[in-house]
Amino acid sequence: VEFYAGLTRLAEDTAAPFERTWTGAFTGTYLLTALAVDDDGARTTSQAVLVTVSPASGGDVSVTLQDGLGGYAGTRDAYLYEVHGNSNFGSREDLLDQVPGTRRYRSLVRFAIFASEGGPVPDGATITSARLSLYKYSAYNFTYRLRPLLADWLENQVTWNQRAAGLPWTGPGATALGNDVAVNHDAESVAPWESGWVEFDVTSGVQAIAYGRSNYGWLLEGVSGNSNLKKFRSSEYAADGALRPRLVITHSAGSSSPNEAPIVALTAPTDGAAFTAGDAITLTAAASDADGAVSRVEFYAGL
């Protein structure tokens, strides 16, 4: 039995009683389902159950932003490669870095943080701490800085030469200080020789975003150290979601209420309806949002 929140797989259990504990859920509304698979591969999905997660009362709230954790899917990352200046590397399981010569790699990462951009932190919240961590699985030590990006970019289009299709970087590889990236960096950290987490204190940077700085994420910039290629896990890394980039934020509730998720119901076709191959099947949904407007409705066949 597999357990889902919307389209996000939470856990599975292979023996009765089929049960798992879901921890780390963000504030919001979720449709929970269970998918049962028998020994011949046949699958059945349960009726969805609507649940609401409210913010903790009193004190600061800590949230971990990491794709696949608690239904979060707001990380965007990619690496840029000078040798293949027009190739996109936004769907790879790695982020790469190498500085010397003309064989340079540079990596970008950003998170949807605040409610207005699809994140879990309420708009108006006061940020008390923020720590961004990248998992380096290769050897070699290096000192890194996280430099704020000043230009928007698209994960599935960004290249060494362009931040999106038809939109070039001011300096190829996002190298133009004051245009592509900020003159001042948000954080600096030393990656040890062995594999492990490299942690950056980006509290001031996330506070700046809370105060109105555009959130285009950060560029991982090498400062000094071993010149060999370094490899990090990206948000697409499938073998172990716990090694994907993560941003841990502690905040107070602020003056705004958390964004409530919309409610949606499929009204056509009806449950159990039968069709013939080639028929045009009309899909209709009723959707509403208590604290805003529904921007779009997506239709799926299966999970």
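A: **Backbone in the loops**

Alanine 174 is buried, with a relative accessible area of 0%; buried means under 20% relative accessible area, exposed over 50% and partly exposed in between, using a 1.4 Å probe and protein chains only. Alanine 174 has a phi near 55°, a positive value in a residue other than glycine. The loop that holds alanine 174 runs between strand 13 (167-168) and strand 14 (187-191). Strands here are DSSP runs of E, at least two residues long, numbered from the N terminus.

This is a predicted model, where local features need pLDDT of at least 70, side-chain atom pairs count only at pLDDT 80 or more, and totals for chains, interfaces and linings use all residues. Residues are numbered from 1 along each chain as its sequence is written, and side-chain values use heavy atoms, with hydrogens and water left out.

Next, tyrosine 140. Its phi is near 90°, again positive in a residue other than glycine. Tyrosine 140 sits in the loop between strand 10 (127-136) and strand 11 (142-148). Tyrosine 140 is partly exposed, at 25% relative accessible area.

Now the cis peptide bonds. The bond from alanine 16 to proline 17 is cis, with omega near -5°. Proline 17 belongs to the loop between strand 2 and strand 3 (28-37). The bond from alanine 268 to proline 269 is also cis, with omega near 0°. Proline 269 is in the loop between strand 19 (263-268) and strand 20 (284-288).

Last, a hairpin. Strand 1 (residues 2-5) pairs with strand 2 (residues 8-12) in the antiparallel sense, over four bridges; pairing requires at least two DSSP bridges between two strands. Glutamate 2 has glutamate 12 of strand 2 as its bridge partner. Two residues lie between the strands of this hairpin, and glycine 6 takes a positive phi near 65° there.
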